[in-house]
Amino acid sequence: MTCGEIIVRTMKNSFVTILVALLLVSAALAQRQTSIKPASVYRHDGIRFASPNQPGWRLLTSGKLGTVFEKQDEDAVSNASVKIIKTKTFEMDKERLTGFEELKKEDLSRLNRDSIHFNYVRFKGSTCLQYDGIFKLDDASAPKFKYFNLKGYLCPHPTVKDSAAQIEFSNRSGSSGFTE
């Protein structure tokens, strides 16, 4: 085999390797974002919920850690999620709500807060923490978007004492607050 033939063979093998890698990455990305039928019913760890009921939402992930839906347009990237999180075991509602609030404050402490609100509410028969907030994004991490907007509920898991269901809607956009 001549030196030229070896180079051509090596280039062909490299090209095939790169092509296979690109196909695998494309397949993985396509698999992660699955189109959904609006208002489809899902179940996760004893919790029953529906996907967003507007068109354009995709299933981003669904597994042991939770379920995340995403919708992208030119003005915003929106997420809706349901996940189960570990907490302490609380005996009283007041203790649980205070603990949930501290948990969310710690979770959101790394963000540049513009505003945040916590309310204690009844949701589906349980006493829950309802929260909403607006956080400023720095230009380096999100040059297209200026704000991270968040609304959610943290409710006790119906069957597991040291867990909570987190139901959350968020978006990254140029507006402070939700536009829809």
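Let's start with a charged pair: the side chains of Lys86 and Asp162 meet in a salt bridge, 3.6 Å from N to O (a salt bridge here is a side-chain nitrogen of Lys or Arg within 4 Å of a carboxyl oxygen of Asp or Glu). That pair links distant parts of the chain, 76 residues apart: Lys86 belongs to strand E6 (residues 76–86), while Asp162 sits in the loop between strand E9 (147–156) and strand E10 (163–173). Keep in mind that this is a predicted model, where local features need pLDDT of at least 70, side-chain atom pairs count only at pLDDT 80 or more, and totals for chains, interfaces and linings use all residues. Residues are numbered from 1 along each chain as its sequence is written, and side-chain values use heavy atoms, with hydrogens and water left out.

A quick note on labels: helices (H or I, at least four residues) and strands (E, at least two) are DSSP runs, numbered from the N terminus. For accessibility, buried means under 20% relative accessible area, exposed means over 50%, and partly exposed is in between (1.4 Å probe, protein chains only).

**Salt bridges**

- The structure has 5 salt bridges.
- Back to the opening pair: Lys86 counts as exposed because its relative accessibility is 60%, and Asp162 is partly exposed at 27%.
- Lys105 pairs up with Glu101, with the closest N and O atoms 3.3 Å apart.
- Both residues are in helix H2 (residues 93–108), and since Lys105 and Glu101 are 4 residues apart there, about one helical turn separates them.
- Lys105 is partly exposed, with a relative accessible area of 39%, whereas Glu101 comes out as buried at 15%.
- Lys104 forms a salt bridge with Glu168, and the closest N and O atoms are 3.2 Å apart.
- This one also connects distant parts of the chain, with Lys104 in helix H2 and Glu168 in strand E10, 64 residues apart.
- Both partners are tucked away: Lys104 is buried at 2% relative accessibility, and Glu168 is buried at 16%.
- Asp107 joins in too, as Lys104, Asp107 and Glu168 are linked in a network of salt bridges.

**The disulfide**

- There is 1 disulfide in the structure, meaning a pair of cysteine sulfur atoms within 2.5 Å.
- Cys128 and Cys155 make that link, with their sulfur atoms 2.1 Å apart.
- Cys128 is in strand E8 (residues 126–136) and Cys155 is in strand E9, so the pair ties together parts that are 27 residues apart in sequence.
- As for handedness, the Cys128 and Cys155 link is right-handed, with 115° about the S-S bond.
- Cys128 and Cys155 are both buried.

**Strand E10 and its partners**

- E10 is largely enclosed by the rest of the structure, because 8 of its 11 residues are buried.
- E6 and E10 run antiparallel and are joined by 11 bridges (two strands pair if DSSP finds at least two bridges between them).
- Within E10, Asn171 stands opposite Ser78.
- E9 and E10 also run antiparallel, joined by 10 bridges.
- Arg172 in E10 stands opposite Phe148.
- E9 and E10 form a hairpin, with 6 residues between the two strands.
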